Amino acid sequence: MSMNIFRLAGDMSHVFSIIVLLLRLRVVKNAAGISVRTHELYLLVFVTRYLDLFTTFYSFYNSFMKVLYIFTTSLVIYTIKVKEPIASTYDKAQDSFLHWKFGVAPCFIVALITYLFQAGFSINIMDLLWTFSIYLESIAILPQLIVLQRYREVENLTGNYVFFMGAYRFLYILNWIYRSYNEPYYQHHFVVYFCGVLQTLLYVDFFYYYIKSKARGGKFTLPTSR
């Protein structure tokens, strides 16, 4: 994948979101309003997508970012589930989305069907898992958005963390558009496009209330679901 300003900005937004979250956990020392299940899904996304770390070298930047995503996501999970006093503040009752049943399993089934439709019955496990990771990433933020909806009042650092996660995907959409116009041999991947747009749309409601709260300078509060 070639580098451009939108891809770089997207990568930096993703990294910054994780840094903000780790900073929030370190400073506030509680996990209220944070979904560990979202990060478990993201860890599965990265592990299944970046298996090419063991087979192909693209660039130092590429390899470094892949390792960084896996390491920092693992660190978030460890911090919330193991490290005290943070672990004691994690509320499993609020973070109750059945991510394995309604996230992982359906995405794998859809990925398998998509892959078999595209490639026939000659299965390459790495390609199948890559396709699975694309589908899974599109809904990985759902547990976090559900937790925020239940808490309603969103802390500043938590809001910033989710905002930069959403900005990362939006910037990657701009990256795809830029590459399609500027790279003569750019190959379109419509599964990636669909999942990227779906993932961004999941943030629309959050973006609206986040920007509204910043403009007014008041507390960031999400409406109750009815």
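## A tour by pockets, cavities and helix pairs

Start at the second largest pocket, whose lining divides into 6 nonpolar, 1 polar and 4 charged residues. Here Ala, Val, Leu, Ile, Met, Phe, Trp, Tyr, Cys and Pro count as nonpolar, Asp, Glu, Lys and Arg as charged, and the others, Gly among them, as polar. The model you have open is predicted, so local features need pLDDT of at least 70 and side-chain atom pairs pLDDT 80 or more, while totals for chains, interfaces and linings use all residues. Numbering runs from 1 along each chain as its sequence is written, and side-chain values use heavy atoms, with hydrogens and water left out.

**Stop 1: the second largest pocket**

Select Leu22, Leu25, Arg26, Lys29, Leu75, Tyr78, Thr79, Lys83, Glu84, Pro85 and Ile86 to show the lining. The pocket holds about 210 Å³ of space. A pocket is an open set of points on a 1 Å grid over the protein atoms alone, with protein on both sides within 12 Å along at least five of seven lines; a cavity is a set where a 1.4 Å probe fits but cannot get out, and lining residues have an atom within 4 Å of a point. Helix 1 and helix 3 each give at least two residues to this lining.

Now pick out two lining residues with backbone features of their own. Colour Lys29: Lys29 sits in the loop between helix 1 and helix 2, and its phi is near 60°, a positive value in a residue other than glycine. Then colour Pro85, in the loop between helix 3 and helix 4 (86–89). The peptide bond leading from Glu84 to Pro85 is cis, with omega near 5°. For context, most residues other than glycine have a negative phi, and most peptide bonds are trans.

**Stop 2: helix 1 against helix 3**

Show residues 5–28 (helix 1) and 60–81 (helix 3), whose axes come within 11 Å and cross at roughly 25°. Because angles under 35 degrees count as roughly parallel, helix 1 and helix 3 are roughly parallel to each other. Axes are lines fitted to C-alpha atoms over the stretch in contact, with angles from 0 to 180 degrees between N-to-C directions. Helix 1 passes helix 3 in a left-handed crossing. For the contact, select Arg7, Leu8, Asp11, Met12, His14, Val15, Ile18, Leu21, Leu22 and Leu25 on helix 1, then Tyr61, Asn62, Met65, Leu68, Tyr69, Thr72, Thr73, Leu75, Val76, Thr79 and Ile80 on helix 3. Contact means heavy atoms within 4.5 Å. By class, this contact has 14 nonpolar, 5 polar and 2 charged residues.

**Stop 3: the cavities**

How many cavities of 30 Å³ or more does a search of the whole structure find? There are 2. The largest cavity has about 50 Å³ of space; select His14, Ile18, His39, Tyr42, Phe46, Thr72, Thr73, Val76, Tyr161 and Met165 to see what lines it. Helix 1, helix 2 (36–49), helix 3 and helix 8 (156–182) are the elements giving two or more residues to that lining. The lining of the largest cavity has 6 nonpolar, 4 polar and no charged residues.

Move on to the second largest cavity, with about 40 Å³ of space. Its lining is Ala31, Ala32, Gly33, Ile34, Thr89, Tyr90, Asp91, Gln94, Asp95, Val147 and Tyr151. That set divides into 6 nonpolar, 3 polar and 2 charged residues.

**Stop 4: helix 8 and its partners**

Tyr168, Arg169, Phe170, Ile173 and Trp176 of helix 8 meet Val192, Tyr193, Gly196, Val197, Gln199 and Thr200 of helix 9. The contact of helix 8 with helix 9 has 7 nonpolar, 3 polar and 1 charged residues.

Finish with helix 10 (residues 204–216), which packs on helix 8 at an angle of about 130°, with the axes 11 Å apart. Helix 8 and helix 10 are therefore oblique to each other. Helix 8 passes helix 10 in a left-handed crossing too. To display the contact, select Asn156, Gly159, Asn160, Val162, Phe163, Gly166 and Ala167 of helix 8 with Phe206, Phe207, Tyr210 and Lys214 of helix 10. These residues divide into 6 nonpolar, 4 polar and 1 charged.

Definitions and conventions. Helices (H or I, at least four residues) and strands (E, at least two) are DSSP runs, numbered from the N terminus. Angles under 35 degrees count as roughly parallel, over 145 as roughly antiparallel, 65 to 115 as roughly perpendicular and the rest as oblique. A crossing is left-handed if the near helix is turned anticlockwise from the far one by less than a right angle, and right-handed if clockwise. Grid points are joined across faces, edges and corners, and a volume is the space filled by probe spheres set on the points.
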